[in-house]
There are 2 protein chains.
Amino acid sequence: MNKKGNSRTKLIQAASRLFQLQGYHGTGLNQITKESGAPKGSLYYYFPNGKEQLAIEAVHLTAAKVTDRIERGLEKQDDPVEAIQHLIKDLADQAVKDGETSGVPVAAVALETTHASEPIRQACQAAYEQFQHAFAKKLKVNGYPEKRAEELGILINSMIEGAFLVSFTTKSKNPLRLVAEQIPVLLK
Amino acid sequence: MNKKGNSRTKLIQAASRLFQLQGYHGTGLNQITKESGAPKGSLYYYFPNGKEQLAIEAVHLTAAKVTDRIERGLEKQDDPVEAIQHLIKDLADQAVKDGETSGVPVAAVALETTHASEPIRQACQAAYEQFQHAFAKKLKVNGYPEKRAEELGILINSMIEGAFLVSFTTKSKNPLRLVAEQIPVLLK
């Protein structure tokens with residue numbers, strides 16, 4: 001990667017991390033530039049539309065990373081019940097142990113900007129659809145009918161999002177643990 | 001209520017509404033004072049510790065309102081499955097129709113401030129515990145054993161939080177509708 005491309009990537013990575021940790025409005029462009037290590041002025045060079053454009057790229061990056069993590073997690077076991085339960089238990093550790101340093105992916109930006117920026121809302125919607133699809137794909141491969149797999153993907157993602165939020169806020173693994181226990185019933 | 005008490009309440013109400021809609025960091029103290037209709041200077045008179053103190057009161061107010069709504073909703077039907085399903089269907093309408101003007105209760109503040117302010121995090125935790133307790137209470141009254149009722153309260157609240165977040169962001173009732181459909185299986 002050349003140096004210019006590298007600065008652009010660094011800015012998106014820093015924005016993704018900071019938005020997740022302290023929200024969209026709580027994160028200033030100066031802080032993003034500083035923490036990215038990119039040269040001053042590079043932010044408006046690469047993102048002439050400023051913070052909104054950077055937020056869209058940051059959500060895309062977070063979405064790709066989280067989707068990859070879900071997909072790799074689900075590949076570890078053939079059985080979808082075991083695979084999904086194992087993934088949720090990993091998330092429980094993350095929500096409580098690393099919560100303070102990593103936050104909850106996508107959610108803060110989604111909540112703060114849904115009414116304020118349609119392009120950011122669309123990026124957040126695409127992120128949730130990618131997560132849903134990763135679960136649905138695992139179920140389809142294991143013989144679940146297409147429509148049922150897609151509905152279960154939406155449901156499983158929603159349950160995880162909510163339990164992650166509550167686990168993170170209450171510093172308790174219980175919400176995610178209870179969702180994991182529910183998976184066999186759900187996939188019966 | 002005297003005029004002074006009234007200004008304090010107005011400030012908390014405006015803060016609660018604005019934090020929910022645009023997040024903690026996205027809401028300035030001047031905007032809160034302006035939208036509350038309280039006199040200039042009254043914010044620091046009633047909240048000498050500033051925004052953090054106001055946010056704690058705002059989360060308490062939101063928590064009380066939402067808990068009351070859950071409790072009143074669950075009283076409408078004796079059968080807990082029907083009562084909870086009915087409540088979730090109401091929430092689905094709210095998430096999609098009123099989402100742009102009302103936001104998701106507590107979540108934005110929880111996500112933005114959990115790592116930055118322990119007193120605000122505790123207020124958000126208390127809010128989620130109140131919501132969980134309202135569901136658990138309905139189940140205990142209907143003969144569910146105490147421990148099972150409390151676990152189901154945590155699970156149902158988590159599922160609703162996540163599905164509300166995703167419904168709100170994707171402008172689709174599907175996530176909440178799928179959670180509602182899952183309630184009979186969950187409470188079997």
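Which residue takes a positive phi just after helix 8 of chain B? In this predicted model, B:Lys171 does, with a phi of about 55 degrees. Helices (H or I, at least four residues) are DSSP runs numbered from the N terminus. Local features need pLDDT of at least 70, side-chain atom pairs count only at pLDDT 80 or more, and totals for chains, interfaces and linings use all residues. Residues are numbered from 1 along each chain as its sequence is written, and chains are lettered from A in the order in which they are written.

Helix 8 of chain B holds 25 residues. At 1.5 Å a residue they should span 36 Å, and the end C-alpha atoms are 36 Å apart, which agrees. The expected span is 1.5 Å times one less than the number of residues. Of the 25 residues, 21 are buried, so helix 8 of chain B is largely enclosed by the rest of the structure. A residue is buried if 20 or more other C-beta atoms, placed from the backbone, lie within 10 Å of its own, exposed if 12 or fewer, and partly exposed in between.

The contact between the chains takes 41 residues from chain B and 42 residues from chain A. Residues are in contact if their C-beta atoms, placed from the backbone, lie within 7 Å. On the side of chain B that touches chain A, at least two residues each come from helix 1 (3–22), helix 6 (107–113), helix 7 (118–141), helix 8 (146–170) and helix 9 (174–186) of chain B. Helix 8 of chain B gives the largest share, 15 residues. By class, this side has 21 nonpolar, 15 polar and 5 charged residues. Here Ala, Val, Leu, Ile, Met, Phe, Trp, Tyr, Cys and Pro count as nonpolar, Asp, Glu, Lys and Arg as charged, and the others, Gly among them, as polar.

B:Gly26 lies in the loop between helix 1 and helix 2 (29–36) of chain B. B:Gly26 is partly exposed, with 19 other C-beta atoms within 10 Å. Leaving aside neighbours within four places in sequence, B:Gly26 is in contact with A:His25 and A:Glu112.

Key: Contact = placed C-beta atoms within 7 Å.
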